[in-house]
Amino acid sequence: MPQIHQQRRAALAARLKVPAALITRLVNVRYLTGLASSNAAVLVRADGTAILATDGRYAGTAAAVAPDLETVVAPRVAEALIERAGGELAFEAHDITVEEHARLFADVRATPLGRVVEELREVKDEAEIELLRRACAITDRAFALVLNLLEPGVTERRVAVALERHMIDLGADGIAFPSIVASGPNGAVPHHVPGDRFLADGDLVTMDFGAQVGGYHADMTRTVAIGSVSAWQREVYGLVAEAQRAAVAAAVPGADVAEVDAAARTVIAAGGHGADFSHGLGHGVGLEIHEAPMLGPSRTGKLGDRVPVTAEPGVYLAGRGGVRIEDTLVVRSGGPELLTQTTKELLVL
């Protein structure tokens, strides 16, 4: 693993326009060094060398995961690295507050780095994709296990807790995000928080959840029916399923992110529910559950090869319910690789 992190730091160094960059955003520190902590920073120089800083709680872990790096142990990690940087550096302006900027850079020429590390993180190596693949496999299996629990009289919260317990029992390091379980009319709220509502016959139940493995996040949504299905529910489900297929097919290297979103949105609009698809199509996944690239009607950029994203169109009808279908997939030159593989046929339980 140190070799992978060294390659990542070299890629960052090659893009620097100043002698060094101070990386303080913790997820980016992890990407560049392998160290996951609550207090760390890394100074990457334009010549490819780097210094890691953390406090005493993580000194042993830093030595284990980044043996090739010089490590400074100090309570104030940014200050410790600035002292070693010389007189000029770039910094992550999206992470440093105004107050911190005034304190840290009074005697240093500091210029914003931009989201360079986030841009590097978009394209995953095969080791990263394998971690995502494992997280998605656990997510698939947890869904299969929870189906037996879905019946009238069970609360949304109980289903959410069961999903999360299954993912941990199946080997996940943790959950990717708090699970969403939205039943009946609650399904009209895309990010509904599971509550005490009992599942009932005739409900659509939307479950949005994912496992985390090695720091990498899975994301899957499936909507199922309890007991019986009405005509409007079948119609909306079929429309969302068609839109999701169109989006997955459009997710190819070089595709404009807004056009991938449009592939799904056009289907839903043609079905008369354009106003009921209230969010972007999807987002990148990796060390964060929401990361670049973002797929939406006002987003810019193009998809690259080996970029994992979600495709999650939905239709939400206030007071009635909703449908969302989501997969995590990897954009590849030979066609998208679906990492979440649970059936997208409407399950009636």
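I began with Thr342, whose side chain forms a polar contact of 2.6 Å with the side chain of Asp140. I note at the outset that the model is predicted.

**Entry on Thr342**

I located Thr342 in the segment after strand 19 (337–338). Is Thr342 buried or exposed? Its relative accessible area is 12%, and because the limit for buried is under 20%, I recorded Thr342 as buried. I then listed its contacts, setting aside residues up to four places away in sequence: Thr342 touches Asp140, Phe143, Met220 and Arg222.

**Entry on the cavity**

I searched the whole structure for cavities of 30 Å³ or more and found one. The largest cavity has a volume of about 40 Å³. Which residues line the largest cavity? I noted Phe143, Arg222, Thr223, Val224, Tyr237, Thr342, Thr343, Glu345 and Leu347. Strand 12 (residues 220–225) gives the most to the lining, with three residues. Sorted by class, the lining has four nonpolar, three polar and two charged residues.

**Entry on the pocket**

Strand 13 (282–284) and strand 14 (291–295) each supply at least two residues of the lining. By class, I wrote down nine nonpolar, eight polar and six charged residues for the lining of this pocket.

**Entry on the nonpolar cores**

The largest nonpolar core has 62 residues. Within this core, Leu12, Ile23, Val159 and Met207 have the most contacts. Helix 7 (residues 126–146) provides the largest share of the core, nine residues. Met207 is in contact with Phe143, Val146, Leu150, Val159, Leu163, Ile180, Val181, Met220, Thr221, Arg222 and Val224. Another core lies apart from the largest one; it has 31 residues, among them Ala255, Val267, Leu281 and Val331.

**Entry on helix 2**

How many of the eight residues of helix 2 (residues 26–33) are buried? I found six, so helix 2 is largely enclosed by the rest of the structure. The buried residues are Val27, Asn28, Val29, Tyr31, Leu32 and Thr33. After helix 2 comes Gly34, and I noted that its phi is positive, near 90°.

**Entry on Val236**

I placed Val236 in helix 9 (residues 231–250). Val236 counts as buried, because its relative accessibility is 2%. Leaving aside neighbours within four places in sequence, I found Val236 in contact with His273, Val315, Leu317 and Val323. Finally, I checked Val236 against Gly86: these two residues are 150 residues apart in sequence and 60 Å apart in space, C-alpha to C-alpha.

Conventions. Residues numbered from 1 in each chain as written. Predicted model: local features only at pLDDT ≥ 70, side-chain atom pairs only at ≥ 80, totals over all residues. Heavy atoms only, no water. Helix = DSSP H or I, 4+ residues; strand = E, 2+ residues; numbered from the N terminus. Buried < 20%, exposed > 50% of the residue type's maximum accessible area, 1.4 Å probe, protein only. Polar contact = N/O pair within 3.5 Å; in protein donor to acceptor, adjacent residues only side chain to side chain. Contact = heavy atoms within 4.5 Å. Nonpolar A, V, L, I, M, F, W, Y, C, P; charged D, E, K, R; others polar. Core = buried A, V, L, I, M, F, W, Y, C linked by side-chain atoms within 4.5 Å. 1 Å grid on protein atoms, 1.4 Å probe; cavity = no way out; pocket = protein on both sides within 12 Å on 5 of 7 lines; lining within 4 Å. Points joined across faces, edges and corners; volume = space filled by probe spheres on them.
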